[in-house]
Amino acid sequence: MLRGRGAIALALIALGALGLAGIVACNESVEGWLADRCERAGTETDPNGNRAEAFHCAARASTVAADLGEAHEPADRRSTPEGHFLRYADDMVGIVPAEGGGSTAYLSDERGGYGFFFPFVGGWWGTYSGPGESFRGGGPGGGK
Amino acid sequence: MIAVLVALALLALAPAAQAAVLTPEDAAELANALADATAVQGVCYGWRIHVSDPTGAEEGLEAGSSFGPGDPLDRTRPECRDGMFAELVGSVVYTRESSEAEDSAAWDVESNLRDPPTIAEVDELGYSSDDLLGDDNDLAIVNAAGALPQLAADHGNARPVPFAPAGRDPGTSGEPTGDPGSDLLRERGTLLALCALMILGGAAWLWVLRRDARRPPRRRRTTTAP
């Protein structure tokens, strides 16, 4: 009887250890998720030198954002008319419509991404110093 | 009597009080973003959330549109091509602490677009009407209303609003703040905790079994007949 109980306890430990190992081993990165579903499209640099890796995806921006958010729950998310932005521990992702269909996903590290996506996430995921926002209407010359 | 009737009529005609869910700056930023989208797409956008709050802190109508924060969406304006519009509408009902009823919130998308954005798509993006009851209810409105132009473009109603990582405007700066925490814990925290519990539980059980096995067996009392 004692041996039987001991075997169950050992099995419990083994299952827990296997589960832990499986979770860690099968934990796909955000970059891996994008690379699996989209095509790498080089690196883009903004006028301030912030860089982001680009991926071209066949699916629409909203679909890619919803799927990525489901596969990898972000710490923060933000949607604007220009695109969807997701924040992870070390990554920031912006998913925007691509010319000619589909979408482009930009992946950057936290600091570079905050600069790259600053017009859209500035003040929401970090500090913002500059002129306060007031309504100016839309059209050419718009933007934060 | 006539004075009371006049007062009631005036109250009925008076516009709903402005609810203070969004800060003026956030409302202006959202209205600017929607105005930019309208300029590109010819579709007018807005948000209209009725808040019922017995404490009065947020009571009123939280509304705005491509025409400005606090300005209701007017699809007869020339900016709205063929009167096209999409609007986030919703209601939030807070109850008194003494009430047995629970707080509730609901939202939807009203639109006359040929293939309009749906609230289900907004939900799939990770925004829920339940968020309207939380501390980040302002973010829920800003994100859900902000997503409408993108969804409208996805459905082929209008062209997408162009994205340009133009960098920071002169005079603006900022750094990321707040710790996003571990991705692994956020995504698989429950499973990790379950596995850890199995290991700890199994180890504790083994320890108890071994301790009991080392104890000398109890003597049995035997009685003998006189």
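This is a predicted model: local features need pLDDT of at least 70, side-chain atom pairs count only at pLDDT 80 or more; totals for chains, interfaces and linings use all residues.
Let's start with chain A as a whole. What does chain A contain in the way of helices and strands? There are five helices and six strands. If you walk along the sequence, the order goes α-α-β-β-α-β-β-β-β-α-α. As for burial, 41% of the 144 residues in chain A are buried. And if you take the contacts in chain A between residues at least 6 apart in sequence, 47% of them join residues at least 24 apart.

Next, the sheet. In what order do the six strands of chain A line up? Reading across the open sheet, you get β1-β2-β6-β5-β4-β3, with antiparallel pairing. At the edges sit β1 (39–45) and β3 (76–80) of chain A, each pairing on one side only. From one strand to the next, the twist averages 20 degrees. Quick reminder for anyone new to this: strands in a sheet pair through backbone hydrogen bonds, in either a parallel or an antiparallel way.

I'd like to zoom in on β5(A). On one side, β4 (residues 83–87) of chain A pairs with β5 (residues 91–97) of chain A over four antiparallel bridges. Those two strands make a hairpin with three residues between them, and Arg87(A) stands opposite Met92(A).

Take Val93(A) in particular. Beyond its neighbours within four places in sequence, Val93(A) is in contact with Val30(A), Leu68(A), Phe85(A), Leu86(A), Ala105(A), Tyr106(A) and Leu107(A).

That brings us to the nonpolar core. The largest one has 73 residues, and those touching the most other members include Val93(A) and Ala105(A), along with Ile141(B) and Leu148(B). Notice that both chains show up in that list. Which element gives the most to this core? That would be α4(B), with 10 residues. More generally, nonpolar side chains in soluble globular proteins tend to be buried together. As for where α4(B) sits, it lies across β3, β4 and β5 of chain A, at about 55 degrees to β3(A).

Now the whole contact between the chains. 63 residues of chain B are in contact with 69 residues of chain A. On chain B's side, α5(B) gives the most, with 18 residues. That side divides into 32 nonpolar, 18 polar and 13 charged residues.

Last stop, Glu124(B), in helix α3 of chain B. Why is Glu124(B) called partly exposed? There are 16 other C-beta atoms within 10 Å, and the label covers anything between the exposed cut-off of 12 or fewer and the buried cut-off of 20 or more.

Key: Residues are numbered from 1 along each chain as its sequence is written. Chains are lettered from A and ligands numbered from 1 in the order in which they are written. Two residues are in contact if their C-beta atoms, placed from the backbone, lie within 7 Å. Ala, Val, Leu, Ile, Met, Phe, Trp, Tyr, Cys and Pro count as nonpolar, Asp, Glu, Lys and Arg as charged, and the others, Gly among them, as polar. Two strands pair if DSSP finds at least two bridges between them. Axes are lines fitted to C-alpha atoms, for helices over the stretch in contact, and angles run from 0 to 180 degrees between N-to-C directions. A nonpolar core is a set of buried Ala, Val, Leu, Ile, Met, Phe, Trp, Tyr and Cys residues joined through C-beta atoms within 7 Å.
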